[in-house]
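Work through the exercises below with the sequence and the structure in view. Each task is followed by a solution in steps.

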Amino acid sequence: MQLQLNINDFKANIFLELLEVFKKDNLVTDYKVINTYNEYENEIIDDLKSLHLSIQEDGQMTDKFIEINDLK
């Protein structure tokens with residue numbers, strides 16, 4: 001049997017822990033996490049990866065940080 005679920009990122013860790021419990025009890029044989037993003041989200045992820053590489057190559061360490069809230 002196969003089951004597909006769309007889970008809120010906030011609740012994903014709890015759900016993955018529950019899946020591990022089910023796996024240990026042989027209620028679930030195996031599971032796979034599949035991340036699917038739309039075209040816009042893929043562009044943002046690619047930009048962030050490029051930014052990360054750029055900062056590693058040319059950046060300087062500072063005490064500043066960026067906090068991003070309300071990601072959906």
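**Exercise 1.** Determine whether E43 is buried, partly exposed or exposed.

*Solution.* Step 1: buried means under 20% relative accessible area, exposed over 50%, and partly exposed in between (1.4 Å probe, protein chains only). Step 2: the relative accessibility of E43 is 44%, so E43 counts as partly exposed. Step 3: E43 lies in helix 2, residues 39-58; helices are DSSP runs of H or I with at least four residues, and strands are E runs of at least two, numbered from the N terminus.

The model is predicted: local features need pLDDT of at least 70, side-chain atom pairs count only at pLDDT 80 or more, and totals for chains, interfaces and linings use all residues. Residues are numbered from 1 along each chain as its sequence is written, and side-chain values use heavy atoms, with hydrogens and water left out.

**Exercise 2.** Classify L19 as buried or exposed, and identify which residues it touches.

*Solution.* Step 1: L19 has a relative accessible area of 15% and is therefore buried. Step 2: L19 is placed in helix 1, residues 9-24. Step 3: leaving aside residues up to four places away in sequence, L19 touches V28 and Y31; contact means heavy atoms within 4.5 Å. Step 4: between L19 and T29, ten residues apart in sequence, the C-alpha to C-alpha distance is 9.8 Å.

**Exercise 3.** State how many helices and strands the chain has, and what percentage of its residues is buried.

*Solution.* Step 1: the chain contains two helices and zero strands. Step 2: of its 72 residues, 3% are buried.
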